[in-house]
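Here are some exercises on helix packing and an open space in a protein. Grab the model, try each task, then check your steps against the solution.

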Amino acid sequence: MTINFENLLGSILGSLDRIEYIKAEDIPNIDLYMDQVTTFMESHLKSTTRNPKEDKILTKTMINNYAKNDLLPPPVKKKYSKEHVLLLIFIYYYKGILSISDIQQLLQPITEDFFGTKGEIDLERIYEEVFGLEREQKDILKADVEQKFKVAQQTFADVPEDKQEFLKIFSFICMLSFDVYVKKMLIEKMIDGLDGTEAAKEKKERKKAKNVDDASQTE
């Protein structure tokens with residue numbers, strides 16, 4: 001079967017245009033039971049899955065595991081707040097490229113400093129600003145994908161035509177994969193460096209001092 005490469009590129013770019021994120025204002029301002037959380041996530045993110053009829057966005061087991069691994073603060077009376085949902089959205093996007101321990105390290109400062117706060121900077125403000133940046137990057141991403149596609153189409157010009165189709169697509173996939181690999185490596189290096197920041201050091205000292213106080217009070 002011969003692939004129409006122009007149609008393929010158009011389909012890819014069209015998919016990028018259809019990428020949407022859940023706006024904070026769309027998340028209910030009331031606390032939700034677990035079933036309501038999974039239903040909400042399914043209804044808003046189902047289109048992002050590879051196999052919408054089969055793939056699950058979120059399950060009860062996943063949520064329990066996230067709480068067990070300290071990615072998510074525990075619910076209050078079995079109910080999850082809007083901030084819980086915001087964190088679950090972050091986790092959903094991270095889990096495709098990062099380990100559970102990396103996600104934990106990345107989100108821990110967020111939950112410690114901004115979960116349940118009502119100051120000038122809260123979790124909702126962080127969520128909206130971060131995803132606003134992602135939205136602005138869409139045109140840059142589309143241009144990058146289009147450029148990689150065009151470069152891939154120029155490969156293997158000396159190969160018999162019946163082999164060219166697969167090899168051109170293979171070249172395109174390799175270019176995209178290398179891009180993902182490099183960015184993943186950069187992300188992991190930045191996460192590894194989080195413990196060395198001044199804020200992280202201060203938190204460790206405060207936690208150490210608190211543990212000493214708690215120990216002395218029990219003696």
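**Exercise 1.** How do the residues of the lining of the largest pocket divide into nonpolar, polar and charged?

*Solution.* Keep in mind that this is a predicted model.
- Start with the space itself: the largest pocket holds about 2,600 Å³.
- Next, collect the lining, which comes to 46 residues. Ile19, Tyr93, Ile97, Glu134 and Leu141 are the ones nearest the pocket's centre.
- Now sort the lining residues: 27 are nonpolar, 7 polar and 12 charged.
- At least two lining residues come from each of α1 (5-17), α4, α5, α6 (123-136), α7 (138-153) and α8 (161-192). α8 gives the largest share, with 9 residues.

**Exercise 2.** Work out how α4 is oriented relative to α5, and which residues make the contact.

*Solution.* 
- Take the axes of α4 (residues 82-94) and α5 (residues 100-114): they come within 11 Å and cross at roughly 160 degrees.
- Angles over 145 degrees count as roughly antiparallel, so α4 is roughly antiparallel to α5.
- Then check the hand: α4 passes α5 in a right-handed crossing.
- On the α4 side, the contact uses Glu83, Leu87, Phe90, Ile91 and Tyr94. On the α5 side you'll find Ile103, Leu106, Leu107, Ile110, Thr111 and Phe114.
- Sorting this contact gives 9 nonpolar residues, 1 polar and 1 charged.

**Exercise 3.** Is α2 oblique or roughly perpendicular to α3?

*Solution.* 
- The axes of α2 (residues 34-45) and α3 (residues 60-68) cross at roughly 110 degrees and come within 10 Å.
- The range 65 to 115 degrees counts as roughly perpendicular, so that is how α2 sits relative to α3.
- Met34, Asp35, Val37 and Thr38 of α2 meet Lys60, Ile63 and Asn64 of α3.
- The tally for this contact is 3 nonpolar, 2 polar and 2 charged.

Notes. Residues are numbered from 1 along each chain as its sequence is written. This is a predicted model: local features need pLDDT of at least 70, side-chain atom pairs count only at pLDDT 80 or more; totals for chains, interfaces and linings use all residues. Side-chain values use heavy atoms; hydrogens and water are left out. Axes are lines fitted to C-alpha atoms, for helices over the stretch in contact, and angles run from 0 to 180 degrees between N-to-C directions. Helices (H or I, at least four residues) and strands (E, at least two) are DSSP runs, numbered from the N terminus. Angles under 35 degrees count as roughly parallel, over 145 as roughly antiparallel, 65 to 115 as roughly perpendicular and the rest as oblique. A crossing is left-handed if the near helix is turned anticlockwise from the far one by less than a right angle, and right-handed if clockwise. Contact means heavy atoms within 4.5 Å. Ala, Val, Leu, Ile, Met, Phe, Trp, Tyr, Cys and Pro count as nonpolar, Asp, Glu, Lys and Arg as charged, and the others, Gly among them, as polar. On a 1 Å grid over the protein atoms alone, a cavity is a set of points where a 1.4 Å probe fits but cannot get out, and a pocket is an open set with protein on both sides within 12 Å along at least five of seven lines; lining residues have an atom within 4 Å of a point. Grid points are joined across faces, edges and corners, and a volume is the space filled by probe spheres set on the points.
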